[in-house]
Amino acid sequence: TVLATKAPVIVAPSMDANMFQNSITQDNLAKLKARGFTIVDPGYGYLASGKVGLGRLADVEKIIGTVKQVLGRSGDLAGKRIVVTAGGTREPIDPVRHIGNRSSGKMGYAMAEAARDRGATVTLITAPTSLPEPASMEVIRVETAVQMKEAVTKASAQADALIMAAAVADYQPKNVAEAKIKKEAPTLTLELVKTPDILTEVKGNLIKVGFAAESEDVIENARRKLEKKKLDLMAANDITAKESGFAVDTNKVTLISRDGKIESLPLMSKREVADRILDRVVGMLDGRSVELIIKPFMIKLRRIRIDSDKRGIFPPLGTGFDLELDDGSVINTYIDKRTGQIWKNIRQWFKAHPELKAGDKVIITVVEPLKKYRLEIIK
Ligand code: PMT
């Protein structure tokens, strides 16, 4: 049945640890991977033999997450890289205490899972939460606003969109005590300094989405933040509404876009809110990439033709631009005036992808308008 199916195949191996680590098993798994099977690696723990080792069937959540990610590969965010932040940052006061907030991470995790399920490559940057780690995405754990900023800056360099659902502390203690502060004095004064504003400071040609947790003048305050932080979209959270905001499974948000359009959504699950936000992100990204279908002549001649209706995102014909390939290398090329084809320096990419066949889809995304683009195969 497996050999006959055209459906994607996911294998979740589970066996004795020595059997799993045996080079024969490992070679066979490598062969399956090379043939396009997806492997969900086993976990570490007690095995049926009574021993402890690597070979336990992966957690059900991990297997389901992988299934969703594989099924979503041709979703409307296929080929896109999305960075999501979640949870509340912790700003240390001394080795045992910190300033924190009530964010549970639920909104951010729902955002990350929704983006993954629609085909995006997701990086989730999370402050501490008690939520299980979502499958099939890169998860970066941080504690403070400064650490979150470093992680977001790094991940955003390659990203198409940044969605900040995290509740980032606005202030941090100026000095962190090296030893636990004794409770002898009747009062204690902490001097606080501002944390970096991550959304404002992250630069680049990416869509930026913020959340604003507000308890009064919700729309007006959120709109002010959108303008100050130069965002494309703001999800204004009314945290006074019942079952909305921090640490619950539902949320009531109003979406405010840069052009001033306002859409008030009813109370819905955080996952539904996430999908409504992603619908907007997809709309904003649409004008920034083109999807192409590989034709037999392209494989034969090792060229990519850009149809005339898809040339709008590129510089004029014959004008050079950089094209980042999926191995991270960058070539300089152009669209030929006569043929509408990209042929200069692109042969190496075809050589690196002998598996490419007619009918496969690729996506070219703007990294820096008119200067730099990224070429990826949509799997
Ligand atoms: O985690 P949950 O329990 O599910 O709760 C979800 C939530 C209520 C935390 C979430 O939906 C939410 O509203 N997050 C934003 C919280 C907030 O009030 O942010 P803010 O108004 O302080 O900041 C506005 C935006 O700027 C946010 O996107 C924030 O991530 C970002 N920010 C804030 C401070 C800072 N130093 N750097 C930032 O980038």
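Figure 1. Helices are DSSP runs of H or I with at least four residues, strands are DSSP runs of E with at least two, and both are numbered from the N terminus. This is a predicted model, in which local features need pLDDT of at least 70, side-chain atom pairs count only at pLDDT 80 or more, and totals for chains, interfaces and linings use all residues. Residues are numbered from 1 along each chain as its sequence is written, and side-chain values use heavy atoms, with hydrogens and water left out. Helix α8 covers residues 270–286, 17 residues in total. From first C-alpha to last, α8 reaches 24 Å. That is close to the expected 24 Å at 1.5 Å a residue; the expected span is 1.5 Å times one less than the number of residues. Buried residues of α8 include V273, A274, I277, L278 and V281. K270 and R280 also belong to the buried set of α8. Here, buried means under 20% relative accessible area, exposed means over 50%, and partly exposed lies in between (1.4 Å probe, protein chains only). An α-helix has 3.6 residues a turn, so residues three or four places apart point the same way.

**Figure 2. The whole chain.** The chain holds 10 helices and 25 strands. Its C-alpha trace spans about 80 × 60 × 40 Å along the principal axes. Of its 379 residues, 45% count as buried.

**Figure 3. The two ends of helix α2.** Helix α2 takes in residues 23–34, 12 residues in total. Its first and last C-alpha atoms are 16 Å apart, close to the 16 Å expected at 1.5 Å a residue. At the start of α2, a side-chain oxygen of N22 comes to within 2.8 Å of the backbone nitrogen of I24. G36 follows α2, and its phi is positive, near 100°.

Figure 4. The ligand sits in the second largest pocket. A pocket is found on a 1 Å grid over the protein atoms alone: it is an open set of points where a 1.4 Å probe fits, with protein on both sides within 12 Å along at least five of seven lines. A molecule sits in a pocket if more than half of its atoms lie within 2 Å of its grid points. The elements giving two or more residues to the shell around the ligand are α4 (106–117), α6 (198–201) and β13 (207–214). β13 gives the most, with four residues. In total, 29 residues surround the ligand, each with a heavy atom within 4 Å of it. The closest are S103, S104, K225, N237 and A247.

Figure 5. A backbone N or O atom of M164 lies 2.8 Å from a ligand oxygen. A polar side-chain atom of K229 is 2.9 Å from an oxygen atom of the ligand. For K106, a backbone N or O atom lies 3.3 Å from an oxygen atom of the ligand. The protein covers 96% of the 770 Å² of accessible area that the ligand has on its own. Accessible areas come from the Shrake-Rupley method with a 1.4 Å probe.

**Figure 6. D259 in its loop.** D259 is in the loop between β16 (253–257) and β17 (262–264). D259 is exposed, with a relative accessible area of 64%. The side chains of D259 and S257 are joined by a polar contact of 3.0 Å. A polar contact is a pair of N or O atoms within 3.5 Å; within protein, one must be able to donate a hydrogen and the other to accept it, and residues adjacent in sequence count only if both atoms are side-chain atoms. A polar atom of the D259 side chain also lies 3.0 Å from the backbone nitrogen of K261.

**Figure 7. D232, a buried loop residue.** D232 is in the loop between α7 (218–228) and β14 (233–238). D232 is buried, at 16% relative accessible area. A polar atom of its side chain lies 2.7 Å from the backbone nitrogen of K208.

**Figure 8. Two residues with positive phi.** Most residues other than glycine have a negative phi. A247 is not a glycine, yet its phi is positive, about 60°. A247 is in the loop between β14 and β15 (250–251), and is partly exposed at 40% relative accessible area. R302 has a positive phi near 55°. R302 is in the loop between α9 (296–301) and β20 (304–305).

Methods: 1 Å grid on protein atoms, 1.4 Å probe; cavity = no way out; pocket = protein on both sides within 12 Å on 5 of 7 lines; lining within 4 Å.
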